[in-house]
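Hi,

Here is the structure I said I would pass on.

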Amino acid sequence: MDTETGTRGLAALSAHLGQVLVGHERLIERLLTGILAGGHLLVEGAPGLAKTRAVKSLASALSGSFARIQCTPDLLPSDLTGTPVFRPQTGDFEFVPGPIFHNLVLVDEINRAPPKVQSALLEAMGEGQVTSGNATHGLPDPFLVVATQNPIEHEGTFPLPEAQLDRFLLHVMLELPDAAMERRILDLVEAEGQSEAGALPEVEDIREARVAAMGTHLSGPVRDYIVRLVTATRAAPFAEELAHPASPRGSLALAAAAKARAWLRGRDHVLPEDVEVLAEDALAHRLVLTWQAQSEGRSARALVADVLAATEPL
């Protein structure tokens, strides 16, 4: 498959998602960015904002395998990763893979999973493998985790630890639609099933497109811009509001996401604009505010916006 074929396949996938997800252009772009950058997404929004629908629509459009994990407080790590099962016929233990062994995995309401389950995802998301006993099992390629969480219900939930949040390439926040968008959603439901998708990409197309996207040129000045944004969270005046700044993983995530965004727009090079648009989604969830900053109503996204305003692109 050449780059042009990959571009057409991703464009068809974007158009298909645009038909079934009204008003979610930003989420669609972030999903495609995650696919191309090989990173995972955390999608946060109130109930009814089509978080699950978005992932299921993406899964239905791809030829790879898909699994959904509905998180509950009684979930066990082996419910995700799999477990060795004794086979009386052979007298041996055989590893039975769990639902994490799929190309696209929806982890619904991840903050309802207990800490042990959240920790079990660390190795899978960070290293693309699962260790059970003395054996390590590789996950399929491509492998994408899209987790959702609800920001308005906290009873029976377990906030994600910083190490887990750091494994997500992007943290996407969804807002309630306005009246015009709400009407379009009603119209969409009435017309459901009447549209047809174009030629959608196969798994091999995704692999090739990912290689092409990550080959997008990232110039020295844009690399410096990314580094200055991330390191600004470690120095005054912003460091005074942070208990934990962004790590080098923030720079790597922002660079990869910016490459994917540039490629999706048909460019062979990254612009500062790509970095600016993705900075909040790529960095805010990696920052831990001090208690004083939180008590004053400060948010990590507002701090990233201030860092962007204070940092010259070139």
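Helices here are DSSP runs of H or I with at least four residues, strands are E runs of at least two, and both are numbered from the N terminus. Gln-164 counts as buried because its relative accessible area is 0%; the cut-offs are under 20% for buried, over 50% for exposed and partly exposed in between, with a 1.4 Å probe and protein chains only. Setting aside neighbours within four places in sequence, Gln-164 is in contact with Gln-118, Ser-119, Leu-121, Leu-122 and Met-125 (contact means heavy atoms within 4.5 Å).

Before you go further, do keep in mind that this is a predicted model, where local features need pLDDT of at least 70 and side-chain atom pairs count only at pLDDT 80 or more, while totals for chains, interfaces and linings use all residues. Residues are numbered from 1 along each chain as its sequence is written, and side-chain values use heavy atoms, with hydrogens and water left out.

Now the strands. Strand 9 (residues 168–173) is mostly covered, with five of its six residues buried. Its partner is strand 1 (residues 40–44), which runs parallel to strand 9 and is joined to it by five bridges; strands pair if DSSP finds at least two bridges between them. Within that pair, Leu-41 is opposite Leu-170 of strand 9.

Which residues of strand 6 (residues 129–132) are on the covered face, and which on the uncovered one? Val-130 and Ser-132 are covered, whereas Gln-129 and Thr-131 are uncovered. In a regular strand, side chains alternate between the two faces of the sheet. Strand 6 pairs with strand 7 (residues 135–138) in the antiparallel sense, over four bridges, and Gln-129 has Gly-138 in strand 7 as its bridge partner. The two strands make a hairpin with two residues between them, and Gly-133 in the turn has a positive phi of about 65°.

Of the contacts between residues at least 6 apart in sequence, 76% join residues at least 24 apart.

Cheers
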